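Please examine the sequence and the model shown below before reading on.

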Amino acid sequence: MTLRKLLLGFAAGLIAGPALAQQAAPAAPAPVPGWAVGRPEGSTLAPHAPRLTVTPLDQVPVGAIKLPPGFQAEVFAHGIPGVRAIAEGPNGTLFAGTRAIGRVYAITRNPDGTTRTRTLLQGLSQPSGLVMIGNSLYVFAVNRVLRYDNIEANLDNPPAPVDLTAAYGLPTEQEHGGNHHWKFVTLGPDGRVYTNVGVNCNVCDTDRDKFALLVSFNPDGSDRRIEARGVRNSVGMAHHPVTRELWATNHGRDWVGNDSPEDSLLRVRRSGEDFGFPFCLGSWADPQFNKGRACSEFSQPAALLGPHTAVLGMRFYTGTMFPEQYRNQIFIARRGSWNREKLSGYDVVVANLDAQGNVTKVEEFLTGFRDDATQKFADRPVEVHVLRDGSLLVSGEQMGAIYRITYRR
Amino acid sequence: MILSRLLAAALLAAAIPCLAAAQDARRGATESERRGAELAAHRCVNCHGADGRSQMPGIPSLAGQQPGFIVIQMILFREGLRHVPAMTAFAEGLPDKDIEDLAAFFASLPPGPPDDRRPRDPALFAAGEALIGPRHCNVCHLPSLTGREQMPRLVGQREDFLARTMAEYRDGLRVGADTQMNGAVMGLSNADLAALAHYLSQRD
């Protein structure tokens, strides 16, 4: 039954997709997988292989990291393949999600300042969305939502979870056709849970009430609200510490050239704003899916963050360790490109905001992973997290390490 | 699981002589490949072949396979994310180092077709070849179809294994490190898969 459902789901995704519509009606057009829509013939660009094995400490590329003067980088935790999202418990335990390897890690600090890592959960499908609410860890694995109560007291023997999957009712992997089904999750200042529902293709005439959304829920999964529409896929969100507005990173589509469209930073001023996918991104009209829409009718991004850079985790800096100029500015991890002939991203940037919340500039902060001469990369930053002491954690998915950035005058 | 262990134990005894020969042939190999050969001797070669070329229907050849592909698949077995009963016992609790060494060993072996590869059927071969472009196989597996990193070598693989694997992807029985292959074979008929499998198995 499951098999048939899967098959039907994939088939439905294809039939409903735009791939068929855009072809010049041959008798039986070959269906095109969602990811390949718009792909130029002959291109061999493909996603980079994940590394799912432990990287020995002496091969973790902390030495490659370059930072502004006064900042230092160290390895905070390692031996955690595929590490992505970071959520922190009230007692300071850090929980880390993954995608392909299906694990959730728990990281605790030893009295001597070193860290201990445990594999808390495994065998889950892409458990990349984590959020702590009180003493409960919520794990979002595609559409599955599992709540682990009192988790920090049970790190060696996690309790059976409360299954909230049905209450949240998120689209399944099959409904996504295997596209952009993994989650990022954050807790809003209003106590609601904010997550993404990515688009079910690279680009297509999608159901704009079901996909390409930012949505929020009560923690029990009730009262779904569309926070933003026309957002292709966001894998990073945070609320401004003063204005409480929702901000999000957003991935642009693939296969329209090396330099367009750009990934973007979105500022959601009111619930339900429309950012234009698949018709537009900012002033950029999609060459295949614009449908004659004026891009000015959609909300404009707060900043453009470079083509194919793969912007992911973002957090406002709320600590006091870093110089005052960083206060309430946004740190953004750029995981790095695959759909581009020359690598872009593989770094952490800072978006600077003025008093009105306008982005005045975007500056490089953590660099050194991308080698332009050899077109190789040493690691891929995915999440940023501000610790209580004001230091900044950066997760490196490729090498399975978390780096800690500190500042000394 | 118990059955597969018994089977493996029974086959092991038969495989040990081949194994010594294989190890002799491996002089000059890297440390990782040598260690992988020793590990494979007690587990893998019974079914996958002492030279990494499977002579058993339904069992894939691993000789010359992309090491990144082997590593990821073994981890998916170990983590309980890919379900093949015969592999479960072997992958359970296997350290990363063992997996990497096994992958290095099999990747180092010269690839080639099984001894029982059937003669080429020109019509079936052509039908399979005609599907490669429309299905974008060459994007990830490269025009040579020898694969790269997490994407496997396809040429010279056992025809029966290729046909079954593609059907599993099509029917939602299996995903890889991601779901690209499910999309790639979606909607293909059994006849299409048979043609693709024949073409790939006949390519060298």
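Helices, of at least four residues, and strands, of at least two, are DSSP runs that are numbered from the N terminus. By this definition, chain B holds 11 helices and zero strands. The model under discussion is predicted.

**Chain B**

From the N terminus on, the elements of chain B run α-α-α-α-α-α-α-α-α-α-α. Chain B has 204 residues, of which 47% count as buried. Among the contacts in chain B with a separation of 6 or more, 73% join residues 24 or more positions apart.

**The contact between the chains**

Chain A contributes 27 residues to the contact, and chain B contributes 29 residues. On the side of chain B that touches chain A, at least two residues come from each of α4 (67-78), α6 (96-108), α8 (137-141) and α10 (180-184) of chain B. The table divides the residues of this side of chain B by class.

| Class of residue, chain B side | Number |
|---|---|
| Nonpolar | 13 residues |
| Polar | 10 residues |

**A sheet in chain A**

Strands of a sheet pair through backbone hydrogen bonds, either parallel or antiparallel. In chain A, four strands form an open sheet in the order β2-β3-β4-β5, with antiparallel pairing. The edges are taken by β2 (86-88) and β5 (115-121) of chain A; each has a single partner strand, so one side of each is left without a neighbour in the sheet. From one strand to the next, the twist averages 25 degrees.

How many bridges join β2(A) and β3 of chain A? The two strands pair in the antiparallel sense over three bridges, and β3 of chain A comprises residues 94-96. A:A87 stands opposite A:F95, which lies in β3(A).

Definitions and conventions:
Residues numbered from 1 in each chain as written. Chains lettered and ligands numbered in written order. Predicted model: local features only at pLDDT ≥ 70, side-chain atom pairs only at ≥ 80, totals over all residues. Contact = placed C-beta atoms within 7 Å. Nonpolar A, V, L, I, M, F, W, Y, C, P; charged D, E, K, R; others polar. Pairing = 2+ DSSP bridges. Axes fitted to C-alpha atoms, helices over the stretch in contact; angles between N-to-C directions. Buried ≥ 20, exposed ≤ 12 C-beta atoms within 10 Å, placed from the backbone.
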